[in-house]
Amino acid sequence: IFLLHSFEIRIRYKQPRQPGKSCCTMKGAVLLLLLGWRSVVHGHGELITLSGSGTTNPSKYFWEIMSLFEAKAMPAVKMSYRAVGSSTGMHEFVGADNPDKNYTAYSDFGSGDVPLSQEKYDAVTSAGRTVVHFPFLLGAMSFFHNIPNLPTSGEYGLNMTGCLLAKIFSRTITTWDDDEIVAINPSLSVPSGQEIYVYHRVYGSSTTHGITSYLHASCPSEWPSSMVGTSVDWADGTYDAQGSGNMAAYIASVEYAIGYIDSGHGHDDGLSEVELENSEGLFQSSLEAKARGGVALAASEGLALGVVPTDPTESFANVSLHNMPGNVTWPIVALSYIYADVDQTEAESTGPLLKAFMEYILTDDGQSLVEDYNFIGIPTAIMDVANAAIDALSLDSDETKWKFETSTQAGAGMKDYVISGKRRSYYEYAISSNEGDIEDNTDLFSDYATSTSLTSLTARVAALESDADDDDDDDTDDDDDKKSSNGGAFLLGVFALIFAIIAMVGSLYALYLVKNTKKADEDQDSRVHGEQKAKYSKANDDRSVMHNNPAAEDNEMLGNEL
């Protein structure tokens, strides 16, 4: 305190000091800064932020958890995630071209459905950074088609092998009635020489990486390693589809098209999936594989075979869960990762928030939420790797770690750095309380759609049978149709004329009311004006009387005073 009173503490700006003017002089404020800066920075007024970027597939999952945190956390937090694709997420996490400092991350964390390539991993390691891969969910990728009259999944679906798909996407096979396709689909009925319309993703896509890795793993003779990556040179005669949304739209709208997309997205859009052969020769869809535990089994097999490292700080560049052994395994499985720096000391309060975010993902609530977005939670063996990644994070020792309140903790639940299950926003509450109604309505709609489809098909069969029976009476039917059509047109014209007459009468009546209302207003104004004029004239007469009679004026003044 003696030093603060003895010296002036000046904050000098970069601009030159003007003569005769001192810079901002602070006495006493420095004492507050020295003694209480921790409480000011980390009190209720602080807004702690966390921002990431990367793959689009789990983006809605991230956004929901971030919204929960913002509603439940104290002090306030602001969390955001940019769904820009795995390639961009890697680029922004690696930060090779960051103008502040090369190989410094633009983001607090990155995310992708593929691991960091060996080149990127070596680059960040050489820059002095240690990174972890945090696996948090499993996704199934698959091929979807638009061949009419085939089911979306299951029995009588379109059987496909890895080599057949490699030939289709390389344009070695170009028609649906090719002998190799018909050989494993004997009941397939398509027009002769019907072309296959092949759609593929453009730009950097983790789905493209997963699909091309599968094609190479299952049929290297038809799909070389040079055709593996997030972006490849596709054969002539194939068509571009930018993003998962456009891919789904093209498949849905173009008959006899085929493309690839993550399984959840494809089935959400009602697309028809191929029955894909796995390493044991079983043809199944991803829906059937999920129900049989085949997606999680692929990840467990990958860890047992040493494909997935047990140390999260090692390179994951060679992790590929394609054609894993197992009788019910799904052959195209992707692990989704969060990329994070081990050293979180310079991140200050953001580091503990990132750790809490990762911890929540591994909770029962976090893993069950995965299934709401048609993904699969990670099996126990992969969970151990994810927990090791969290444990590897190094936080600033001066920063407070977050705690979770799952059951009521009187007093402790109101302290800072608590994410409380008892604290909610109205919007989150309203959405969660309506989930049951939404599910009921969805089931009702599904039942209605199924019933409607069945009714439609029954009616169609009946119509075809009727056409076959009455083929000789086509001309008579046409005449009847014309008469019926003319009669309908005549009735429609009569109704239109009647409606026009009613509208005209209504308009005339409305005009009559408006004119009468206006006239009544004018009469009212005239009457009011006359009354005001008469009142004004009487007032002047009274003033004249008072002017001629001073006693009367005095009495009036006395009355006013009283």
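Me: In this predicted model, which residue of strand E16 is the bridge partner of Phe134?

Reply: The bridge partner of Phe134 in E16 is Ile338, and this pair belongs to the contact between strand E7 (residues 131-145) and E16, which run antiparallel and are joined by nine bridges.

Me: What makes strand E15 (residues 321-322) and E16 count as paired?

Reply: Pairing requires at least two bridges between the strands, and E15 and E16 have two bridges in the antiparallel sense, so they count as paired. Within this pairing, Leu321 stands opposite Val333 of E16.

Me: How do you know that Cys163 and Cys219 form a disulfide?

Reply: The sulfur atoms of Cys163 and Cys219 are 2.1 Å apart, and the rule asks for cysteine sulfur atoms within 2.5 Å, so the pair qualifies as a disulfide. By this rule the count comes to one disulfide.

Me: Why is this disulfide called right-handed?

Reply: The torsion about the S-S bond of Cys163 and Cys219 is about 100°, and therefore the disulfide is right-handed. Because Cys163 lies in helix H6 (residues 162-169) while Cys219 lies in the loop between helix H8 (206-218) and strand E10 (239-241), the pair ties together parts that are 56 residues apart in sequence.

Me: Why is Cys219 called buried, and why does Cys163 count as partly exposed?

Reply: Buried means under 20% relative accessible area and exposed means over 50%, with partly exposed in between. Cys219 has a relative accessible area of 2%, so it is buried, whereas Cys163, at 31% relative accessibility, therefore counts as partly exposed.

How values were computed
Residues numbered from 1 in each chain as written. Predicted model: local features only at pLDDT ≥ 70, side-chain atom pairs only at ≥ 80, totals over all residues. Heavy atoms only, no water. Helix = DSSP H or I, 4+ residues; strand = E, 2+ residues; numbered from the N terminus. Buried < 20%, exposed > 50% of the residue type's maximum accessible area, 1.4 Å probe, protein only.
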